[in-house]
Amino acid sequence: MDVESFVPPPQLDLRRQLKVLIHGWNADRHHVSILPIRTAYLVQDAHNLLVADWSSAAVLHYPTARDLVLPVGNHLGSILARFMKRLGIEPSQVHVIGHSLGAHIAGNVGRYLGGKVRRVTALDPAGPLFALDSKDAVGPDTAQFVDVIHTDGMTLGENIVRGHADFFPNGGTPPQPGCETLDVLTLRTVSRTSGTHSCSHARSTGFFAESIPLPNSFVACACSRDEILRQADICLPDVRDTSSRECVAMGEALELRVMLRRSPAKRHTVKLVTELRTTIMVNGTTKTITVSM
């Protein structure tokens, strides 16, 4: 898209939120890992949607692609900044969503825009070659609100807390429900077949896509990292003692139900247990979050 010559069609409502979707490694804008999110937003028809394509760099050897998350993020950020200026779109309208390496790129897009965008959502941020102190990783400084969904920790993803709210479905590690065999089969080809990702790594995008039409699908409660690692029942929303803990819905509707009453630098971890759903694609101290309906 040429932002300098783009003329919005008359039916484009510029007052809507702008969703910016960024794919991961070995993928493109049509990749099966992000297609459910793209489709869900288009069917809902409540937002404007841009889908970025950095496939020319995403298909490179992983260490090279990993080193490009900052320059790619800055390049996409410059394009987005000009697009927003041309159409009069405010940072408060922008929500950037990325998967895998695209999650870190989404964070760098947010940083390029001064951390002023409304929200960054990181879906199973890539783990290999990233460390806790990686300056080009997604973090709470990248947007006014940053949420992260971990599903393949310690494999293709990571279990580092990166956002204001980090979710760990089924502990945040593989195998996710329904991925017990597929994880083995898909990981065998991930390094040599373009477009192939582990089932658990892609589960984060399936969860988020399902949350768009079904905002109450995944309820999670605040837990410490230790409780999450121990798979403690206290973390689950159907345990009586969780009445003293704040519970929120993971996914698209999270921002609409949460009011942050803390410094942006503070982190919050939550855990939930999910069941395999037909719409899902197959392929330390906690602080209070107040639920507002």
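Start by selecting Ser211, which sits in helix 7 (residues 199-211); helices here are DSSP runs of H or I with at least four residues, strands are runs of E with at least two, and both are numbered from the N terminus. Before you click on, know that this is a predicted model, where local features need pLDDT of at least 70 and side-chain atom pairs count only at pLDDT 80 or more, while totals for chains, interfaces and linings use all residues. Residues are numbered from 1 along each chain as its sequence is written, and side-chain values use heavy atoms, with hydrogens and water left out.

Is Ser211 buried or exposed? Ser211 has 1% relative accessibility, so it counts as buried. For the whole tour, buried means under 20% relative accessible area, exposed means over 50%, and partly exposed is in between, using a 1.4 Å probe and protein chains only. Now show what surrounds the serine: Ser211 touches Phe218, Met250, Gly251 and Glu252, leaving aside residues up to four places away in sequence. Touching, or contact, means heavy atoms within 4.5 Å.

Next, the disulfides. A disulfide is a covalent bond between the sulfur atoms of two cysteines; the search takes a pair of cysteine sulfur atoms within 2.5 Å. How many disulfides does a search of the whole structure find? It finds two.

Select Cys179 and Cys199 for one of them: they are joined S to S at 2.0 Å. Look along the S-S bond and you have -60 degrees, a left-handed link between Cys179 and Cys199. This pair ties together distant parts of the chain, with Cys179 in the loop between strand 6 (165-169) and helix 6 (182-187) and Cys199 in helix 7, 20 residues apart. Both Cys179 and Cys199 are buried.

Now pick Cys221 and Cys247, another disulfide, with the sulfur atoms 2.0 Å apart. The torsion about the S-S bond of Cys221 and Cys247 is about 95 degrees, so this disulfide is right-handed. Here too distant parts of the chain are linked: Cys221 is in strand 7 (residues 219-222) and Cys247 in strand 8 (residues 247-249), 26 residues apart. Cys221 counts as buried because its relative accessibility is 0%, whereas Cys247, at 23%, counts as partly exposed.

Go back to the loop between strand 6 and helix 6, and select Thr181 there. Thr181 is exposed, at 55% relative accessibility. The C-alpha atoms of Thr181 and Cys199 are separated by 9.0 Å, and the two residues are 18 residues apart along the chain. Pro175 is in the loop between strand 6 and helix 6, and the peptide bond from Pro174 to Pro175 is cis, with omega near 0 degrees. Asn170 is found in that loop between strand 6 and helix 6 as well. Phi of Asn170 is positive, near 55 degrees, though the residue is not glycine. Asn170 counts as buried, at 15% relative accessibility.

Jump to helix 1 (residues 35-44) and colour Ile37, Ala40 and Tyr41, which are buried. Why are they on the same side of helix 1? They cover an arc of only 95 degrees around the axis, judged by the directions from the helix axis to the C-beta atoms. Covering the buried residues of helix 1 are, among others, strand 1, strand 2 (48-52) and helix 7. Just after helix 1, Asp45 has a positive phi of about 55 degrees.

Last stop: the largest nonpolar core, with 37 residues, of which Ile22, Val94 and Leu101 touch the most other members. A nonpolar core is a set of buried Ala, Val, Leu, Ile, Met, Phe, Trp, Tyr and Cys residues joined through side-chain atoms within 4.5 Å. Helix 4 gives the most to this core, with seven residues. Apart from this core lies another, of 20 residues, including Ala40, Phe208, Ala209 and Met250.
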